[in-house]
Amino acid sequence: MSDILLSVIIPTYNVEKYIVECVDSLLRQVKSPNEIIIVNDGSTDGTLALIEQNYAHLSHIRVITIENGGLGNARDTGIALAKGKFLFFCDPDDVVGEGLVSELKTVSEKHPDTELFCFNSCVYEDGNITLTSPKVRHEIFGVQRPQDVFARLLRNGSYTSAVWNYAVKREVVEQYHLRFIRRVHEDHNFTLSVFMKCKQAWVSRQVYYKQRIRTGSLTNSTKGDDFFFQRYDAFIHSYSTLNNSLAKSERRNALEKEYLIHSFRLMIYLSLYNQTPVPEYVRNAIRFLGRNVKTNNAKEWLLFNRPEIFILLQNYKVKKEMKGAA
């Protein structure tokens with residue numbers, strides 16, 4: 001068994017403005033023999049120079065430069081090199097709060113069967129880290145089934161596939177050959193698989209991750225047709241994984257329903273906030289996959305049975321919200 005509790009994997013590409021703040025936030029708590037693996041994904045700015053200048057002398061930081069291949073490929077490279085008991089994927093322009101490693105260590109010792117370590121997160125506008133808004137919001141804490149954690153996040157609307165929302169045992173990743181593979185939306189199937197394959201989770205009360213929202217990032221930019229189709233393709237892939245991960249049961253039906261509602265609403269909102277029509281293939285998928293879903297209220301019924309009316313109502317709501325924010 002490795003003496004290394006945690007391997008932090010940071011894919012980096014042209015983030016010279018942010019990488020030092022990110023790594024410094026980790027160094028305050030990630031001490032040897034734990035490790036930080038920085039995968040420089042062919043940066044063309046000063047990112048690599050800053051990393052070497054600030055961290056080359058530290059034995060527990062490993063820097064690897066590869067040809068540009070996207071976030072997924074960079075993370076897969078980090079997985080192949082990692083030696084820690086747990087893997088934590090950190091984006092290079094975000095900040096990690098203190099206490100994550102110490103709580104993970106305590107949980108690992110007291111609850112050795114824990115395979116998934118979850119925590120809360122928040123977002124902040126670039127340049128104002130003290131003004132935050134909740135992102136992922138857990139409501140029940142301590143030892144739980146990962147599938148129950150997943151279902152609650154879907155229900156409260158704060159589920160995200162972002163891989164920085166948890167640390168996962170490396171042996172689970174290796175046992176089930178979990179990899180990112182895709183260049184865009186690479187985390188959807190990976191995160192869903194983690195929740196399906198892990199057997200025990202620990203949910204912390206703490207907010208350990210702060211996501212920076214910056215102008216020009218993929219998260220905060222106008223999106224084209226390719227983005228929406230690739231997002232839809234990632235959903236289909238993930239839905240298939242969910243469908244095949246659990247035996248037929250009322251529990252699986254309930255989880256599938258929650259995932260469909262969350263995913264379709266998100267795809268609709270992404271289009272509306274982008275001020276582009278909801279793609280026809282999304283509308284068709286709502287009709288087809290929702291044809292046998294048992295609805296519990298009028299909003300669910302409208303979504304699956306009259307998606308055009310549901311979209312019109314949401315479009316009115318979005319336009320009103322955007323007008324108020326202007």
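This is a predicted model: local features need pLDDT of at least 70, side-chain atom pairs count only at pLDDT 80 or more; totals for chains, interfaces and linings use all residues.

Me: How are α5 and α7 oriented to each other?
Reply: Helix α5 covers residues 146–156 and helix α7 covers residues 187–197. They pack with their axes 7 Å apart, at an angle of about 130°. An angle between 115 and 145 degrees is neither roughly perpendicular nor roughly antiparallel, so α5 and α7 are oblique.

Me: Which residues of α7 meet α5?
Reply: On the α5 side, the residues are Pro146, Gln147, Val149, Phe150 and Leu153. By class, this contact of α5 with α7 has 7 nonpolar residues, 1 polar and no charged ones. The partners in α7 are Leu192, Phe195 and Met196.

Me: Is Ser193 buried or exposed?
Reply: Ser193 lies in helix α7. Its relative accessibility is 4%, and the cut-off for buried is under 20%. Ser193 therefore counts as buried.

Me: Which backbone oxygen does the side chain of Ser193 reach?
Reply: Leaving aside neighbours within four places in sequence, Ser193 is in contact with Leu178 and Thr241. The side chain of Ser193 also reaches a backbone oxygen at 2.7 Å. That oxygen belongs to Asn189.

Me: How do α8 and α9 run relative to each other?
Reply: The axes of helix α8 (residues 225–245) and helix α9 (residues 250–273) come within 11 Å and cross at roughly 175°. Angles over 145 degrees count as roughly antiparallel. That makes the arrangement of α8 and α9 roughly antiparallel.

Me: How many charged residues are in the contact of α8 with α9?
Reply: Among the residues making this contact are Phe235 and Tyr239 of α8 and Leu260 and Phe264 of α9. The residues divide into 13 nonpolar and 4 polar, and the charged ones number 3.

Me: Which residues have the most contacts inside the largest nonpolar core?
Reply: This core has 59 residues, and α9 gives the most to it, with 9 residues.

Technical notes. Residues are numbered from 1 along each chain as its sequence is written. Side-chain values use heavy atoms; hydrogens and water are left out. Axes are lines fitted to C-alpha atoms, for helices over the stretch in contact, and angles run from 0 to 180 degrees between N-to-C directions. Helices (H or I, at least four residues) and strands (E, at least two) are DSSP runs, numbered from the N terminus. Angles under 35 degrees count as roughly parallel, over 145 as roughly antiparallel, 65 to 115 as roughly perpendicular and the rest as oblique. Contact means heavy atoms within 4.5 Å. Ala, Val, Leu, Ile, Met, Phe, Trp, Tyr, Cys and Pro count as nonpolar, Asp, Glu, Lys and Arg as charged, and the others, Gly among them, as polar. Buried means under 20% relative accessible area, exposed over 50%, partly exposed in between (1.4 Å probe, protein chains only). A polar contact is a pair of N or O atoms within 3.5 Å; within protein, one must be able to donate a hydrogen and the other to accept it, and residues adjacent in sequence count only if both atoms are side-chain atoms. A nonpolar core is a set of buried Ala, Val, Leu, Ile, Met, Phe, Trp, Tyr and Cys residues joined through side-chain atoms within 4.5 Å.
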